[in-house]
Amino acid sequence: MTEAFLYNNLNIYLFLGIFLLCCGILGILYRRTLIAMLISMELIMNGAGLNFVAFNRFVSPEGPDGMVFTLFIMGLAAAEAAIALSIIILIFRKYRTIESTEMEEMKD
Amino acid sequence: MAGALSTVLSGSLIYAMLGLVATMFGIAGLYVYLNAPFLAMMQILIYVGAITILIAFAIMLAGPFYKKPKEWGTVGKLIASIVVSLFSFFMFSSFIMKVSWSEGKGAFSLTTKDIGRALFDRYAFPFELISLVIVVSIVGAIMLAMFSRGEK
């Protein structure tokens, strides 16, 4: 904590990652449309990527492992967004809604 | 942070998407602070350029134009979600405060060359695997779209 600048501190980035995670959890639990839930998922993944890069910067600055993992996270997020959005559009064509609470046919 | 909050709390989906864009730019700036300008560039390219455009297309296709979706849950749900997120926040933050991370020493100067070398040297198999995942997801999305059109 003796650093003069705020951005030279590991805890700041960890707290930002936690903040993103909590925003994502709040969004997933609270929003009702599926697309908003997907956006919240993106928030959670970005929090994880931020943590990876922060640990790579401060704890093990020898190799680019955290950056590589963050790149993988980005690729997985892109693939997941494509699949989820196509499923959402299918659901919208079938049920004419994008709200998660109105889809009760699969409950049985 | 304000972008993340507006992402979660804004009423409309379009505003949520714009909040996501703001958040992505903020995280890209943090990557620049973390000496990772390549990651910042990739962040802007992938998230702002690809995923947000994808979400925008989905919003416009499944658009809430003729039927405004009811966005908000009940008050009890709001309270429950806020409690859950705050609980996880304080749990993880107490964990962070308890553990003192051993700060590594040495200058942190990694270039894009190092990242590429690590990608094709140590992480060659996950790299190929993730490209396979992306190809499968693209094919899956196309097949989903085609079959739904055939049903109609």
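Among the elements of chain A, helix α1 (residues 10-30) has the lowest mean pLDDT, 78, while α2(A) has the highest, 82; pLDDT is the predictor's confidence in each residue, from 0 to 100, and helices (H or I, at least four residues) are DSSP runs numbered from the N terminus. This is a predicted model, in which local features need pLDDT of at least 70. Residues are numbered from 1 along each chain as its sequence is written, and chains are lettered from A in the order in which they are written.

Chain A has a mean pLDDT of 74, with 75% of its residues reaching 70 or more, and for chain B the mean is 73, with 69% of residues reaching 70 or more.

Where do α2(A) and α3(B) stand relative to each other? Helix α2 (residues 34-58) of chain A and α3(B) pack at an angle of about 170 degrees, with their axes 12 Å apart (axes are lines fitted to C-alpha atoms, for helices over the stretch in contact, and angles run from 0 to 180 degrees between N-to-C directions). That makes α2(A) roughly antiparallel to α3(B), a term used for angles over 145 degrees. Residues in contact, meaning heavy atoms within 4.5 Å, include A:Leu38, A:Met45 and A:Val53 in α2(A) and B:Leu39, B:Tyr47 and B:Ile55 in α3(B).

Finally, α3(B) has a kink of about 25 degrees, centred on B:Thr52, where the bend at a residue is the angle between axes fitted to the seven residues ending there and the seven starting there.

Notes. Predicted model: local features only at pLDDT ≥ 70, side-chain atom pairs only at ≥ 80, totals over all residues. Heavy atoms only, no water. Helix = DSSP H or I, 4+ residues; strand = E, 2+ residues; numbered from the N terminus. Parallel < 35°, antiparallel > 145°, perpendicular 65-115°, else oblique.
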